[in-house]
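Trainee: I would like to go through the terms used for this model and see what each one rests on.
Mentor: Then ask about them in turn.

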Amino acid sequence: MKRQFRFLVEQGRWTRWYTIDDDLSFLKDNLEVKGVEVSEEMTREEFEAKLDDVEKLLTEALSVNPNHIDSNLILAAVDLEEDRYDEARKRIDAALAVNPNHLRGLAMLAFYYIDMAQPEKAEEIEKRVLAINPTCADFYCDIGEVMENKRGFNLAPKYYQKAIDVDPQHWRGYYGLGMNTSRQGGHGELRGKELLEIAFKKNKFNVWASNMLKSLDRIIGDKAQGVPPVYGESRTKHFIIKYFDKEAEIVRPYLEDWAEAAYESQVQKFGYEPEG
């Protein structure tokens with residue numbers, strides 16, 4: 001729950017610029033119930049210590065104000081991630097009953113239809129959103145982020161690319177596509193880094209992009225800055241394995257054998273062999 005909520009809050013509409021003040025003001029303004037204290041002077045560590053109870057707090061907040069859109073949509077996204085579709089749909093409907101044109105609410109509804117294998121209904125929602133706002137990059141990014149959080153790594157890039165297509169100046173599409181691409185292996189790090197550099201230029205407050213760029217500098221280096229990579233790699237039949245260069249010769253033989261043995265074991269267990 002901590003991972004899910006932190007992701008949703010910090011990627012959500014009210015904290016899209018990644019400022020801790022926005023996170024805390026949201027909790028302070030909307031989640032203070034009896035016995036719960038949230039201060040804007042709290043440190044990030046103190047704030048994160050409360051995240052385990054957030055689902056309960058959001059539920060309590062909705063008992064006070066059932067029409068609070070953001071609370072409904074945060075819980076709806078968590079429900080979608082956990083495949084609790086009936087609960088998710090009720091929360092989405094509650095949010096859209098307050099504001100039928102709420103773009104994040106429509107994004108959650110579109111994702112619901114995608115996950116329920118009803119693409120034609122998702123397309124209807126998409127057309128409706130484009131009629132409201134033809135440059136609605138956030139709509140596509142919201143879909144991509146929940147999809148990625150459900151391990152839909154092969155599907156999310158489509159929506160991040162759509163975000164870039166409708167609004168090339170918006171940073172979130174480049175960020176989402178860059179993070180996803182850099183994690184795909186097969187030297188996706190190079191393309192991922194290019195996209196993340198664009199995202200960071202457009203939003204200098206995105207600490208995740210900054211940290212990932214620093215990590216990629218260590219993994220693949222930075223020729224322009226004369227920074228060599230500190231990771232090497234080896235290839236097996238099914239894997240590209242990366243190692244910290246000082247440990248490579250020690251761990252390489254063991255990891256190669258272990259990875260291939262695990263692959264064969266899982267293929268036999270599940271009767272499925274991944275493509276590529």
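This is a predicted model: local features need pLDDT of at least 70, side-chain atom pairs count only at pLDDT 80 or more; totals for chains, interfaces and linings use all residues.

Trainee: Why is Ala137 called buried?
Mentor: Buried means under 20% relative accessible area. Ala137 has 1% relative accessibility, so Ala137 counts as buried. Ala137 lies in helix H9, residues 137–149.

Trainee: What does Ala137 touch, leaving out residues up to four places away in sequence?
Mentor: Ala137 touches Ala163, Val166, Asp167 and His170. Contact here means heavy atoms within 4.5 Å. As for Ala163, its C-alpha atom and that of Ala137 are separated by 4.1 Å, although the two residues are 26 apart along the chain.

Trainee: Why does Ser182 count as buried?
Mentor: The cut-off is again under 20%. Ser182 has 7% relative accessibility and therefore counts as buried. Ser182 has its place in helix H11, residues 171–182. Not counting residues up to four places away in sequence, Ser182 touches Gly188, Glu189, Gly192, Leu196, Met212 and Leu216.

Trainee: How do the axes of H12 and H13 cross?
Mentor: The axes of helix H12 (residues 188–202) and helix H13 (residues 207–220) come within 10 Å and cross at roughly 150 degrees. The crossing is left-handed.

Trainee: Which residues make the contact of H12 with H13?
Mentor: From H12 they are Glu189, Leu190, Lys193, Leu196, Glu197 and Phe200. In H13 these meet Ala209, Ser210, Met212, Leu213, Leu216, Asp217, Ile219 and Ile220. The residues of this contact divide into 9 nonpolar, 1 polar and 4 charged.

Trainee: What makes the pair Thr236 and Glu260 a polar contact?
Mentor: A polar contact needs a pair of N or O atoms within 3.5 Å, one able to donate a hydrogen and the other to accept it. The side chains of Thr236 and Glu260 make such a contact at 2.6 Å. Thr236 lies in the loop between S1 and S2. Thr236 also touches Ile241 and Glu256, not counting residues up to four places away in sequence.

Trainee: How does the reach of H14 compare with the expected span?
Mentor: Helix H14 (residues 248–270) has 23 residues and reaches 31 Å from its first C-alpha to its last. That is close to the 33 Å expected at 1.5 Å a residue. H14 is followed by Gly271, whose phi is positive, near 65 degrees.

Trainee: Which residues of H14 are buried, and what do they pack against?
Mentor: Ala248, Glu256, Ala259, Glu260, Tyr263 and Val267 are buried in H14. The buried residues of H14 pack against strand S1 (231–235) and strand S2 (240–244).

Note on methods: Residues are numbered from 1 along each chain as its sequence is written. Side-chain values use heavy atoms; hydrogens and water are left out. Axes are lines fitted to C-alpha atoms, for helices over the stretch in contact, and angles run from 0 to 180 degrees between N-to-C directions. Helices (H or I, at least four residues) and strands (E, at least two) are DSSP runs, numbered from the N terminus. A crossing is left-handed if the near helix is turned anticlockwise from the far one by less than a right angle, and right-handed if clockwise. Ala, Val, Leu, Ile, Met, Phe, Trp, Tyr, Cys and Pro count as nonpolar, Asp, Glu, Lys and Arg as charged, and the others, Gly among them, as polar. Buried means under 20% relative accessible area, exposed over 50%, partly exposed in between (1.4 Å probe, protein chains only). The expected span of a helix is 1.5 Å times one less than its number of residues.
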